[in-house]
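Thanks for coming, everyone. Let me put the model up, and then I'll walk you through it.

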Amino acid sequence: MTAGFPGGGTAPPGNPVARTRATGTDTDTFRDPRKPGAGGVPVPDHGGMSANPHDALPIRLNVDDSDSPADVVDALFLGRFAMGEQPYSHSSNIDRVRSGATLLPQSARVLRIARDDDRSATLAEGDGWTLLVSRWNRGADVTVTATSAELAAKVLDEATDGAADEPEPQPENVTMGFWYVSPRRGPHRTTRQISAGTWDEVRPNYTAPVAEAMDRLMKTTPEDIAGRLLLLHGPPGTGKTSALRTLARSWRDWCQVDCVLDPERLFSDVGYLMDIAIGEDDSTGKGRWRLLLLEDCDELIRGEAKHTAGQALSRLLNLTDGLLGQGRNVLVGVTTNEDLERLHPAVVRPGRCLARIEVGPLTRAESVAWLGTEEGVGREGASLAELYALRRGTSPTALPEPRGGADAGLYL
C-alpha cells in the first residue's frame, strides 16, 4: 500500500515516490520523476547518505495483518518530517492527563483517529504543522512536526497547556515479603501489607547527620548502586526498623523488599540461601531489584563472627559481591546494635556498603523540639523509643511500685 500524506494528498512534486529492488540483483533503485525518460533513471543505492537525506527514503508503507490502524496513523504522521516539508519536531510526555483534556490546539483539524483496547492515536494538522497524540490509560505522548522550531514549540505548548493532572496519591501501605523455613513446605515466602510513612513525615525522628545520610539513601535509584550491603547500626530504639519501612516505600517502584525472619538459619542452610538468592518475584516485581532485610544480626557480623558463626559470614559476603551475587540484582540490608568498632572489617570495608549509617539518639535540642517540652528529656537527648514513651506519659525505665507490705526486691 502506498502511503498518502496527512492532508489526504500524495507525495509532493519533486520527491521520490517508489522504491523497487531489481530482480536478481542486490541493487536498490529509486525512480525519480524529475529525471528524463519513461519511469525515470535508476539511481544505485551504495549505502551512503545523500546530500539530501529525504532522497534516500522510501515513501511506501507495507502493512500486513499484524499491523493495526494505530500503526498506520503513526506512519502517516512521519511523512512530512521524513520528506523535509516539516523538518522540526518537538514532543512531550504526560504521565497523568487531566480528565477532559483533548491535547489538541483549538485550530486543529483531525485527520485520523484509531482506538484499540488500551491506547488511541489521533492525527491532526494545522497551518504548517502536524500533531500526533498517542494515549494509554492516564498517560500520553504528544509530538508536533512543523515548518519551524518556533512553530513546533508553540503548537506543543498550546496542546499540552493545563493538560497534566496532579500525581496520583501513593498508598500508605507497602507490600513486603517475608521468608522463613516452614517445617512442612521448606523455604517459603509470604507477603503482607505494612504501613510506612513518607520520608518527609519520618525525617524529624532522626538526628541531623542521620537524616542527611538518609536523604541520599531515599533518593537512590538503580543507576546509583555501587555496593550491595546496606548497614544500619546503633543502640536499640533509635528507629532503624522504621527507617527500613520508609525505605521500602521510597524504593517500591524499582525494588522488592523481603524480610528474612530466620537469618541465623539462612546462612547455615545452603539450600535456603540458594532459594532466596534465586528469588521469587511478586506480581509486579519482574526484573526489579530485591532488598533482603536481616534484622538484629549482631552475632553474624561482629568482629569474632568468623570463629563463632563458621561459614555464615563468608556466605553473606558472597551474596553481596561474590559469585553467588553475580547476575542477580540483590541488595542485603542488615541492622545491628553493635558499635562500628566491633563489626568485622570485611563487612565495613570501602566499596562493599551502599550505605553505612549509625543511627543514634536525638540531641537534647532535637528531642525538645520533637516532644514540644523539656520535661523528661535528659542532657544527652533521647532515643526515638524514649520520646514516644514520654509522649504517652510513661517512662521506658520506670519500675512497678512494690505492693504494700511486701518485701522490696529487685526487678530484672
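I'll go from the overall fold to the cores, then the surface, the salt bridges, the cysteines and the backbone.

Ground rules. This is a predicted model, in which local features need pLDDT of at least 70, side-chain atom pairs count only at pLDDT 80 or more, and totals for chains, interfaces and linings use all residues. Residues are numbered from 1 along each chain as its sequence is written, and side-chain values use heavy atoms, with hydrogens and water left out.

Overall fold. The protein has 14 helices and 15 strands. Those are DSSP runs numbered from the N terminus: helices are H or I with at least four residues, strands are E with at least two. Of the 412 residues, 41% are buried. Buried means under 20% relative accessible area, exposed means over 50%, and partly exposed is in between, using a 1.4 Å probe and protein chains only. The accessible surface comes to about 23,100 Å², and carbon and sulfur atoms hold 50% of that. Those areas come from the Shrake-Rupley method with a 1.4 Å probe; for residues, only the protein chains shown count as cover. Now contacts, meaning heavy atoms within 4.5 Å. Take those between residues at least 6 apart in sequence: 64% of them join residues at least 24 apart.

Next, the interior. In soluble globular proteins, nonpolar side chains tend to be buried together. A nonpolar core here is a set of buried Ala, Val, Leu, Ile, Met, Phe, Trp, Tyr and Cys residues joined through side-chain atoms within 4.5 Å. How many residues are in the largest one? It has 34, and Met214, Leu217, Trp251 and Ile357 have the most contacts inside it. Several elements give two or more residues to this core, including helix H5 (208-218), helix H6 (240-250), strand E9 (173-182) and strand E15 (353-358). H5 gives the most, with six residues. Look at Leu217. Leaving out residues up to four places away in sequence, Leu217 touches Leu230, Leu247, Trp251, Leu354, Ala355 and Ile357. Apart from this core lies another, of 25 residues, with Leu273, Leu313, Val330 and Val348 among them.

Out to the surface. Val270, Met274 and Ile278 form a nonpolar patch with about 260 Å² of accessible area together. The patch rule: residues with over 30% relative accessible area and no salt bridge, with like charges joined within 9 Å and nonpolar side chains (Val, Leu, Ile, Met, Phe, Trp, Tyr) within 5 Å. Val270 sits in helix H8 (residues 270-278). Its relative accessible area is 44%, so Val270 is partly exposed.

Salt bridges. The structure holds ten. Each is a side-chain nitrogen of Lys or Arg within 4 Å of a carboxyl oxygen of Asp or Glu.

Number one pairs Asp74 with Arg119, with the closest N and O atoms 3.8 Å apart. Asp74 is in helix H1 (residues 69-77) and Arg119 in strand E6 (residues 119-126), so distant parts of the chain, 45 residues apart, are linked. Asp74 is partly exposed at 23% relative accessibility, and Arg119 is partly exposed at 24%.

Number two pairs Asp127 with Arg109, at 4.0 Å between the closest N and O atoms. Asp127 is in the loop between E6 and strand E7 (129-136), and Arg109 is in strand E5 (residues 109-115), so parts 18 residues apart in sequence are tied together. Asp127 is exposed at 65%, while Arg109 is partly exposed at 39%.

Cysteines, quickly. The disulfide count is zero, on a cut-off of 2.5 Å between a pair of cysteine sulfur atoms. Cys259 is buried at 8%, and Cys353 is buried at 18%.

Last, the backbone. Most residues other than glycine have a negative phi. Leu103 has a positive phi near 65 degrees. Leu103 is in the loop between strand E4 (88-94) and E5, and is buried at 2%. Asn137 also has a positive phi, about 45 degrees. Asn137 is in the loop between E7 and strand E8 (139-146), and is exposed at 73%.
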